[in-house]
Amino acid sequence: MIYISAKFPVKPEYADAWPEIAKDFTEATNAEDGCLFFEWSRSLADPSTYVLLEAFRDDEAGGEHVKSAHFKKATEELPAYLSRTPDIINVKVDGWSELGELAVR
């Protein structure tokens, strides 16, 4: 699985509207066959920052994602709403495991 976490520093004047701004890209990505999840969260520390958690089945699925029309459109349109280039972590992992320290019994 390819796991990606990215921090999107949205210009403050667009922060509240970001979910709607990114909606088409989000929905199209979640509809991809190889997308396992593509989910946004808003930072509690900085409400102008959104954190994107995404995962793709494998390298092929990740490659298809970056070749898609909706990815190309997002790379052309979304930077206008950002205050700087997003930070990203991109790794290959086996998948989820349980957080044993907070086990629910």
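In strand E4, Lys92 is the bridge partner of Ile2. The model is a predicted one, where local features need pLDDT of at least 70, side-chain atom pairs count only at pLDDT 80 or more, and totals for chains, interfaces and linings use all residues. Residues are numbered from 1 along each chain as its sequence is written, and side-chain values use heavy atoms, with hydrogens and water left out.

Start with the pairing around Ile2 and Lys92. Strand E1 (residues 2–9) and E4 run antiparallel and are joined by six bridges. Two strands pair here if DSSP finds at least two bridges between them. Helices (H or I, at least four residues) and strands (E, at least two) are DSSP runs, numbered from the N terminus.

Now the whole chain. The protein chain has four helices and four strands. Read from the N terminus on, the elements run β-α-α-β-β-α-α-β. Along the principal axes, the C-alpha atoms fill a box of roughly 45 × 35 × 20 Å.

Next, the sheet. Four strands form an open sheet in the order E2-E3-E1-E4, with antiparallel pairing. E2 and strand E4 (87–92) stand at the edges with a single partner strand each, so one side of each has no neighbour in the sheet. The twist averages 10° from one strand to the next. In a regular strand, side chains alternate between the two faces of the sheet.

E2 and E3 deserve a look of their own. Strand E2 (residues 35–42) and strand E3 (residues 49–56) run antiparallel, joined by seven bridges. Together they form a hairpin, with six residues between them. Arg42 has Tyr50 in E3 as its bridge partner.

Which helices pack on the sheet? Return to E1 and E4, joined by six bridges. H2 packs on the sheet and touches E2 and E3; its direction makes about 155° with that of E2. Helix H3 (residues 59–67) also packs on the sheet, touching E1, E2, E3 and E4; its direction makes about 130° with that of E3. Contact means heavy atoms within 4.5 Å. Axes are lines fitted to C-alpha atoms, for helices over the stretch in contact, and angles run from 0 to 180 degrees between N-to-C directions.

Helices also meet each other. Helix H2 (residues 23–30) packs with helix H4 (residues 69–77) at an angle of about 155°, their axes 9 Å apart. That makes H2 roughly antiparallel to H4 (angles under 35 degrees count as roughly parallel, over 145 as roughly antiparallel, 65 to 115 as roughly perpendicular and the rest as oblique). Phe25, Ala28 and Thr29 in H2 meet His70, Phe71 and Ala74 in H4.

Last, the rings. A search of the whole structure finds 10 aromatic pairs. One of them is Phe8 with Trp18, a tilted pair at 6.0 Å centre to centre, with 40° between the planes. This pair links distant parts of the chain: Phe8 lies in strand E1 and Trp18 in helix H1 (residues 18–21), 10 residues apart. Rings of Phe, Tyr and Trp (its six-membered ring) pair if their centres lie within 6.5 Å; planes under 30 degrees apart count as stacked, over 60 as edge-to-face and the rest as tilted.
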